[in-house]
Amino acid sequence: EQRLQIILNTLPTSIAISRISDGVLMYNNTAFTSLLGYPTEVLTGKTTPDFYYSPEDRQELFGELNVKGSLDGYELRVKHSDGHLIWTLLNVFPIQYAGENCLLIGAIDVTRRKQIEESLAKRADQLAALNRVMAVTNSSVDLQFILQTATDEFRTLMQVYSAGVLLLDEKGETLTLTTESYADPNMPKLAGRSMPIASNPATN
């Protein structure tokens, strides 16, 4: 048993055993404590619901487990001891341990991979938005329509409530709201309104 303990503690994969009835940790290796940022003695007696990033994630996991019986390559968000999000890839199997119905959990940290995937997805969205604006630019001579399309695409891409384009007059004295876009289509329209730059707190 001591030899097995040494072997498990040298594995890079995080391993834990939790009791199904109440989620209490029955065993965890060193990699598991490192993954979550807790000292081993603090983890003793903790329950696995403490580690889920949200209660809904736990419900979804057990829903999948009840249907499939075990999980292989299941992505789960967990919570580090300092509160930050960790993405993990899990294998989960029901076992008998110390006379109890338990779950054997193997986990690896895939946070960096998820960050790269999210970054690539964001970049793809940016390119798609740019392509849509360029398509309008190449097919229309209506500057107002082109600017409005660009404004709508920018607001959607940035996930903000509102966006607009302000044009400065030739004298550099007045800004005019040329296009506007709102998440709420019922917002009153302000396009066409102008504001002087000099002595205006909004343009300081």
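These questions and answers walk through the fold and the salt bridges of a predicted model.

Student: How many helices and strands does the protein have?
Tutor: Start with the order of elements. From the N terminus the protein runs α-β-β-α-α-α-β-β-β-α-α-β-β-β. The secondary structure comes to 6 helices and 8 strands.

Student: Is the protein spread out or a compact globule?
Tutor: Compare the radius of gyration with the globule rule. For 204 residues the rule gives 17 Å, while the radius of gyration of the protein is 27 Å. The C-alpha atoms fill a box of roughly 85 × 40 × 30 Å along the principal axes. The radius is well over the rule, so the protein is more spread out than a compact globule.

Student: What share of the 204 residues is buried?
Tutor: Buried means under 20% relative accessible area. The accessible surface of the protein comes to about 13,100 Å², and 56% of that surface belongs to carbon and sulfur atoms. Of the 204 residues, the buried share is 31%.

Student: How far apart are the centres of the positive and negative side chains?
Tutor: Take the two sets in turn. The protein has 17 positive and 24 negative side chains. The centres of these sets are separated by 1 Å.

Student: Which strands does the salt bridge between R19 and E100 tie together?
Tutor: The R19 and E100 side chains meet at 3.8 Å, N to O. R19 sits in residues 14–19 and E100 in residues 100–109, so the pair links parts 81 residues apart in sequence. E100 is partly exposed, at 30% relative accessibility. The elements tied together are strand 1 and strand 5.

Student: Is K114 buried or partly exposed, and which residues share its salt-bridge network?
Tutor: K114 has a relative accessible area of 12%, under the 20% cut-off, so K114 is buried. Its side chain meets E117 in a salt bridge of 3.8 Å, N to O. Shared partners join K114 into one network with E75, R113 and E117.

Student: How many salt bridges does the count come to?
Tutor: A pair counts when a Lys or Arg side-chain nitrogen is within 4 Å of an Asp or Glu carboxyl oxygen. R19 with E100 qualifies, at 3.8 Å. The count comes to 9 salt bridges.

Note on methods
Residues are numbered from 1 along each chain as its sequence is written. This is a predicted model: local features need pLDDT of at least 70, side-chain atom pairs count only at pLDDT 80 or more; totals for chains, interfaces and linings use all residues. Side-chain values use heavy atoms; hydrogens and water are left out. Helices (H or I, at least four residues) and strands (E, at least two) are DSSP runs, numbered from the N terminus. Buried means under 20% relative accessible area, exposed over 50%, partly exposed in between (1.4 Å probe, protein chains only). The radius of gyration is taken over C-alpha atoms; the globule rule is 2.2 Å times the number of residues to the power 0.38. Accessible areas come from the Shrake-Rupley method with a 1.4 Å probe; for residues, only the protein chains shown count as cover. Lys and Arg count as positive and Asp and Glu as negative; His and the chain ends are not counted. The place of a charge is taken as NZ of Lys, CZ of Arg, CG of Asp or CD of Glu.
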